[in-house]
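Hi everyone, thanks for coming. Please take a look at the screen, and I'll walk you through one part of this fold.

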Amino acid sequence: MTKYYTDAATNKKPLPQPFSAAVMKIAIDVIFPSINYVANELHQLIEIPAGVQVVDYDIHFPDIDSNGTPTIVCSIGTENAGGTDLGTVWDAALTAGQSAAVVRAATANCAQESTAAARKVSLKFTAIAATYAGLGKTGQVILHLRG
């Protein structure tokens with residue numbers, strides 16, 4: 001399986017980090033691959049340093065599953081130590097990409113995660129698109145962070 005990385009995850013496009021208890025929003029561009037995801041592939045968004053808390057998130061994706069009955073579904077959370085799966089799932093069964101809609105955090109799981117160590121935030125595509133239409137499209141994941 002291929003693992004995808006945003007430019008923020010590879011530091012090609014470094015993002016600012018919060019330095020106080022004030023909430024800072026950062027937008028991470030997700031450039032969709034030219035071919036459909038394979039079930040359970042990860043798309044790594046960013047590494048969050050120790051001491052930084054994710055208090056909320058928004059996912060702004062274009063329609064990347066143009067089928068009349070779209071099937072693409074993803075989860076968001078932090079990777080396991082091996083980087084092969086999500087170790088902590090914040091929310092599952094997210095329909096981001098089924099239409100041009102915004103998906104928001106449905107739970108407070110992201111805010112409850114320990115900040116003792118750095119974490120890699122990723123999307124896991126648990127079900128692939130029925131008719132993939134992601135080529136040339138970019139979405140955004142907006143993380144609400146505080147130091």
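In what order do the five strands of the open sheet stand? Keep in mind that we are looking at a predicted model. The order is β1-β3-β8-β5-β6, and the pairing is mixed. At the edges you find β1, residues 4-5, and β6; each has a single partner strand, so one side of each is left without a neighbour in the sheet.

As a quick reminder, strands of a sheet pair through backbone hydrogen bonds, either parallel or antiparallel.

Now let's go to strand β5, residues 73-79. Is β5 enclosed or open to the outside? Seven of its seven residues are buried, meaning under 20% relative accessible area, so β5 is largely enclosed by the rest of the structure.

Who are the partners of β5? One is β8, residues 119-127: the two strands pair in the antiparallel sense over six bridges.

Strand β3, residues 41-48, runs antiparallel to β8, and seven bridges join the two. A landmark for this pair is Q44, opposite S122 in β8.

That's my tour, and I'm happy to go back to any of these strands.

Terms used: Residues numbered from 1 in each chain as written. Predicted model: local features only at pLDDT ≥ 70, side-chain atom pairs only at ≥ 80, totals over all residues. Heavy atoms only, no water. Buried < 20%, exposed > 50% of the residue type's maximum accessible area, 1.4 Å probe, protein only. Helix = DSSP H or I, 4+ residues; strand = E, 2+ residues; numbered from the N terminus. Pairing = 2+ DSSP bridges.
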